[in-house]
Amino acid sequence: MLAVPAVDELAEKRYRNAIRAYFEAEPGCDLEWIIGVLGSVKITARAILAARFKQYALTEKYRILMARL
């Protein structure tokens, strides 16, 4: 039988993918877009950024995003 991921896992994966799209400058994935995606989960988004996207910590995009969250 297949294991079904918990809702929280699915939500976190969605946020991770959105953040990745922002950092990789996918079309339409600008600062305002990512703030719209993450705006209601700021604490979670900050935790994901700190834990999973450390490689971007010295970039301006990272600093701006953290400041907006």
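Which hand does the crossing have where α3 passes α4? Left-handed, as it turns out. Some notes on the rest follow, bearing in mind that this is a predicted model.

1. **Overall make-up.** The protein chain has 4 helices and 0 strands. Reading from the N terminus, the order of elements is α-α-α-α. There are 69 residues in the protein chain, and 30% of them are buried.

2. **Surface and contact range.** The accessible surface of the protein chain is about 4800 Å². Carbon and sulfur atoms hold 57% of that surface. As for contacts in the protein chain with a separation of 6 or more, 58% of them join residues 24 or more positions apart.

3. **How α3 sits on α4.** A quick reminder before the helix pairs: two packed helices are described by the angle between their axes and by the distance between those axes. Helix α3 covers residues 42-52 and helix α4 covers residues 60-68. The two pack at an angle of about 155°, and their axes are 10 Å apart. Angles over 145 degrees count as roughly antiparallel, so α3 is roughly antiparallel to α4.

4. On the α3 side you'll find K42, R46, L49 and A50. They meet Y62, L65, M66 and R68 in α4. Sorted by class, this contact of α3 with α4 has 5 nonpolar residues, 3 charged ones and no polar ones.

5. **How α2 sits on α4.** Helix α2 takes in residues 31-38. Its axis and that of α4 come within 11 Å and cross at roughly 40°. That angle makes α2 oblique to α4.

6. From α2 come L31, E32, I34 and I35, and from α4 come I64, L65 and R68. The class count for α2 with α4 is 5 nonpolar, 2 charged and no polar residues. If you're colouring by contact, note that L65 and R68 of α4 take part here, and that L65 and R68 also turn up in the contact with α3.

7. **R16, worth a click.** Is this arginine buried or exposed? R16 counts as buried, because its relative accessibility is 18% and the cut-off for buried is under 20%. The residue sits in helix α1, which spans residues 7-23. Leaving out residues up to four places away in sequence, R16 touches I48, R52 and F53.

8. R52 lies in helix α3. With a relative accessible area of 48%, R52 is partly exposed. Not counting residues up to four places away in sequence, R52 touches E12 as well as R16.

9. **R63, in α4.** R63 lies in helix α4. At 46% relative accessibility, R63 counts as partly exposed. Which residues does R63 contact, leaving aside its neighbours within four places in sequence? Those are A57 and L58.

Definitions and conventions: Residues are numbered from 1 along each chain as its sequence is written. This is a predicted model: local features need pLDDT of at least 70, side-chain atom pairs count only at pLDDT 80 or more; totals for chains, interfaces and linings use all residues. Side-chain values use heavy atoms; hydrogens and water are left out. Axes are lines fitted to C-alpha atoms, for helices over the stretch in contact, and angles run from 0 to 180 degrees between N-to-C directions. Angles under 35 degrees count as roughly parallel, over 145 as roughly antiparallel, 65 to 115 as roughly perpendicular and the rest as oblique. A crossing is left-handed if the near helix is turned anticlockwise from the far one by less than a right angle, and right-handed if clockwise. Contact means heavy atoms within 4.5 Å. Ala, Val, Leu, Ile, Met, Phe, Trp, Tyr, Cys and Pro count as nonpolar, Asp, Glu, Lys and Arg as charged, and the others, Gly among them, as polar. Buried means under 20% relative accessible area, exposed over 50%, partly exposed in between (1.4 Å probe, protein chains only). Accessible areas come from the Shrake-Rupley method with a 1.4 Å probe; for residues, only the protein chains shown count as cover.
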